[in-house]
Structures are given as structure tokens and as C-alpha cells.
Amino acid sequence: MARRNREPARRGWLRGAPAPLWVRVLPGVLVVGVGVATLVSPNPLDIGFVLGAIPPLAGLSYGPVATVLFGGLSIALLTVPAFHLDDPGSTDLLTICFVALLSVFISFVRSRRDAQLDLERTVAEAAQRAVVPPLPARVGPVRCAGLYRAAQRGTLVGGDFFDVRDGPYGVRAVMGDVQGHGLSAVATVASLLGAFREAVLDLPDLESVAARLDRRLVVDSARSAHAELFATAVLLEFTGDAGAVRIVACGHPSPVLLRAGRVTEIDVEAWTPLGLGLADSGPLAGVTVPLLPGDRLFLASDGVWEARDAGGVFYPFADRLAVLADGACADLPERVWADVLRHSEEIRDDVTMLVLTPGG
């Protein structure tokens, strides 16, 4: 089974990336190979048919001008007497000329299409980065490190989201997972992040922030009879000196605490996911955790907790995190991601990780 999500941001040749080096050099290799073979052979070689492949191969990776050049070289090899291919039938010569002209046209169309696709890709990446901008290394007294891998190839944003913001009530962070993944979930992600960023500035307690996100999804879902939007999320709020953190979980895995080489899963009462009406489930209640110098909080999405190997065994997240926690905090998400990939044959879900180091 092919492994997915090894390098989600890397586009393959057949997905719009530039042609690999061997494709670019192949037309030149064929020109030189046919020329040398005919010159050193004591007898005429019937390999003129190879020349018909040179212009199309050039059109795969070069522009119209270079394709014209390779087409001209193919015709020259076919007609120059020194190469012993000087007795082609008129049909052979016309065929090579037709293929060369057609290759130039195809190269022109491909070049224009690639330029348009590059423009559209640039715009799409800018729009996605506007939804989930790069995570700063520090927000107030909290150092941050994150990793995001969307399940859908060619995208930067999927169904997971996270953000860390400083406001009048302290540093607040959110990580969540909306219904679905890929581009279809981006609109919901954008709506939730917008509501979170406004709530950070306006609302004095973390439970109210969670309620605001819930109301945002309820309102968005009501606009469509069949939307049924919902999302899981965990929210954190650090005190001004980062000596404690308050945590509210809405159907999402709680953070784990890394302290003195030990990994502790923080027990937080899990409330219903956002969008299902938190007010109907009773008042939200979070938990406050005191923090010591050197503590780290590690948040991970379901893509990490529920990753399985070929035998269906879940990734032992807490156990592996204790082993991988040594080293720089900024590299910890990447180390865990590499370990998840070694454990799992296939990653089908979005993967998000966030490491928060208070007072670092």
C-alpha cells in the first residue's frame, strides 16, 4: 500500500510540478545518441523512427522556442547525408515535420496553461495562508511550535485549525477539527478562527469564548437546511505570568503535560462539540492547571491519536512522546510527525500538533 502524506506539500510531475531532470535531458540525449550511432556505425542504421519522439519529449518540459530547436535538429538528422539517414521516404520526412509542428503548438498551449495554473496556485496558497497564517515563535510569554499537514494533497488548509493570540485577558490558544476535511471544510475553519480572534479581544473568560464559537457554528448551520456543521475544539488561556493555564475541551483530545521527562494526560471534562448547542448541555466548566518552569503543553489532533499501523494498533502517543521529548521544542512536532509516519502505513486524516512552552 502506498504511503500517503509523506510530503503533502510536494507536487509530483503529473500534478503540475516541473518535469524531472531526466525528462528535460532526454531529448538532447536522443539527439546525441542517434547522431553518434549513425556516425560510428559502418552500415546505415534504420533508427530514423526515434527522431519522431524528440519534439514531443521536448514539448513536455520546454517552451515553444526550444521545441522548435529540437524539431529542427530532428529534421537535420534525418536529411543530412553524413548521418546515413539521407534517404527517407517523403512520408517519413513529412511525418517528422508534422510531429515537430504539432509539438510546438502543444508546448505553447502547455506553457500558457502552466503559467495560469501557477498564478491560480499562488492565489490559492495566499488565501489559505490568510486563513491559517504561520505560527509565530512567541506570543506574549508563551513560546510556540506547530505542525500542520492537510490530508488532501495540494492544499495547505484542511479540516483542522489552531491559533494562538494575545489579548487583554492573556494568551489564548485554540485547536480544533471541523466536520470533514480538505477544501470543503476551509469555509468553516475560516468562520471559527474569525470568531475566536474576535472573542479573544472581547470576552473575559475562556468558557465564553467557547460559547461564542459554538454560536458561530449554530448560526452558520442554520443558514442551510442540510449543513449540520460541528467541530471539536480545545481552548487554553494562560495567566499573565504564564504560571497557570485554564483548559476547556469541547469533544477534542485534551493537551498532555510534559514535565521533567514525564508525560501526563490532563483530565478535562469533555463537553459536546461546537455547533451542537453548548447552552443545552449545561454551564461549561474548565480546569486550571498550575505550571512550573520548563513545562510544555502538547496538543495533537485525531490524526495523531488515531493513527494506526498495518495491524490496526493505535499510535502510542503518550509513550512515544516521552521518548521524543528530549531536544529543542521547536523541532518536537516534526520529530513526532516522523515517528507517526514510521508507525502508520497510511495517514488519511488531517494532522495538527501544537507545543506551547509558557515562560520560555
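**View 1. Leucine 60 lies in helix α2, which spans residues 54–61.** Helices (H or I, at least four residues) and strands (E, at least two) are DSSP runs, numbered from the N terminus. This is a predicted model, in which local features need pLDDT of at least 70 and side-chain atom pairs count only at pLDDT 80 or more, while totals for chains, interfaces and linings use all residues. Residues are numbered from 1 along each chain as its sequence is written, and side-chain values use heavy atoms, with hydrogens and water left out. Leucine 60 has a relative accessibility of 39% and therefore counts as partly exposed, a class that falls between buried (under 20% relative accessible area) and exposed (over 50%), as computed with a 1.4 Å probe on protein chains only.

**View 2. Six strands form an open sheet in the order β1-β2-β12-β11-β7-β8, with antiparallel pairing.** The edge strands, each of which pairs on one side only, are β1 (138–139) and β8 (262–265); two strands pair if DSSP finds at least two bridges between them. Strand β1 is joined by 2 bridges to the antiparallel strand β2 (residues 142–149), and valine 139 has valine 142 in β2 as its bridge partner. Helix α9 (residues 332–343) packs on the sheet and touches β2, β7, β11 and β12, with a direction that makes about 30° with that of β2.

**View 3. Threonine 352 is found in strand β12, residues 351–358.** With a relative accessible area of 0%, threonine 352 is buried. Its side chain makes a polar contact of 2.8 Å with the side chain of aspartate 160, where a polar contact is a pair of N or O atoms within 3.5 Å; within protein, one must be able to donate a hydrogen and the other to accept it, and residues adjacent in sequence count only if both atoms are side-chain atoms. When its neighbours within four places in sequence are left aside, threonine 352 is in contact (heavy atoms within 4.5 Å) with residues including Asp160, Phe162 and Met175.

**View 4. Strands β3 (residues 160–167) and β4 (residues 170–178) run antiparallel and are joined by 8 bridges.** A hairpin connects β3 to β4 through 2 residues. Phenylalanine 162 stands opposite methionine 175 in β4, and both of these residues are among the contacts of threonine 352.

Definitions and conventions: Axes are lines fitted to C-alpha atoms, for helices over the stretch in contact, and angles run from 0 to 180 degrees between N-to-C directions.
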